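Subject: The structure, and what turned up in it

Hello,

Here is the structure I promised to pass on. Please open it alongside this note, and then read on for what was found.

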Amino acid sequence: MKAMAELGPGLSSTGSGPPGSVSLAVSSSLSAFSSLRRYGTELSIGELKRKLELVVGVAAPWMELELRGAGGELLARLEPDDALLGAFPVSDGCGLHVIDRSGGRMGQFEDVSQVPKYEMADSDYDKRTDSVRSFLRRRRWGRFDADAEQQRGAEEERRRAEEAELAAAMSPGCRCLVSIPGQPRHRGTIAYVGLTDFKPGHWVGVRYDEPVGKHDGSVGGRRYFECPEPYGAFVRPQRVTVGDFPAEDDGLDEL
């Protein structure tokens, strides 16, 4: 347990093994990661290299092996290939560092952005019969359901018309009550009514009586109204009720 603790975090263990084997922290010049592996001391260095190929991704002929202590100090270079692992000062907790002499770079096999990717033209993808798009088209699902798409368009048009009608009945300076599902209701004054640059549809800019907004009346570099931050907010007309909503007295001025 002490030897494994000295190997530090990020190591995975294959467990304890029989006598005549050692547990080594395998690392390589191609990766920042290491793993705990157990190997028999009767293995030749050549056999050990072949076993390491699948661990570090380096071909055996391009490997140079270094035996390192628990603190990272060099104990021995593992050569020649016909020497036995047990002939070196190896013990549980030692490090086995693989140096790749083929020209590979650190992180070469970890950064997927360096891997060439095949990209198919949309026109070619559209012709395939075994694609998700083809599957959806055959079953008339999603955007390939013309009736549902038409219904969604009509619903969106109806909602926009409702917003425009509600917005037409509001004007800056009117007192209001904002009711958003799942949030406390807040009072304020309408400071802006109309279209915006940040999202389509009609919006109502509200100057709240309390600092419960999100901005100072400016969104995306455009100023729609003036107010201290964070007293300003934009809400859909459906969430705004115009009426006689005086500012609530919090009683802070009372003696």
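Let me begin with a helix and its cover: β7 (186-195) and β8 (202-208) are among what covers the buried residues of α5, contact being heavy atoms within 4.5 Å. Those buried residues are A148, E163 and A167, where buried means under 20% relative accessible area, exposed over 50%, and partly exposed in between (1.4 Å probe, protein chains only).

Before going further, please note that this is a predicted model, in which local features need pLDDT of at least 70, side-chain atom pairs count only at pLDDT 80 or more, and totals for chains, interfaces and linings use all residues. Residues are numbered from 1 along each chain as its sequence is written, and side-chain values use heavy atoms, with hydrogens and water left out.

Why does the span of helix α5 agree with what its residues should give? Helix α5 covers residues 146-168, and its 23 residues at 1.5 Å a residue should span 33 Å, which agrees because its end C-alpha atoms are 33 Å apart. The expected span is 1.5 Å times one less than the number of residues.

As for the whole protein, it has five helices and twelve strands; these are DSSP runs numbered from the N terminus, helices being H or I with at least four residues and strands E with at least two. Of its 255 residues, 33% count as buried. Among contacts with a separation of 6 or more, 50% are between residues 24 or more positions apart.

Strand β7 holds Y192. This tyrosine counts as buried because its relative accessibility is 15%. Leaving aside neighbours within four places in sequence, Y192 is in contact with several residues, including P172, W203, R222 and F234. F225 is also one of the contacts of Y192; the two are 33 residues apart along the chain, yet their C-alpha atoms are separated by 6.4 Å.

Which element gives the largest share of the lining of the largest pocket? That is β11, with three residues.

Best wishes
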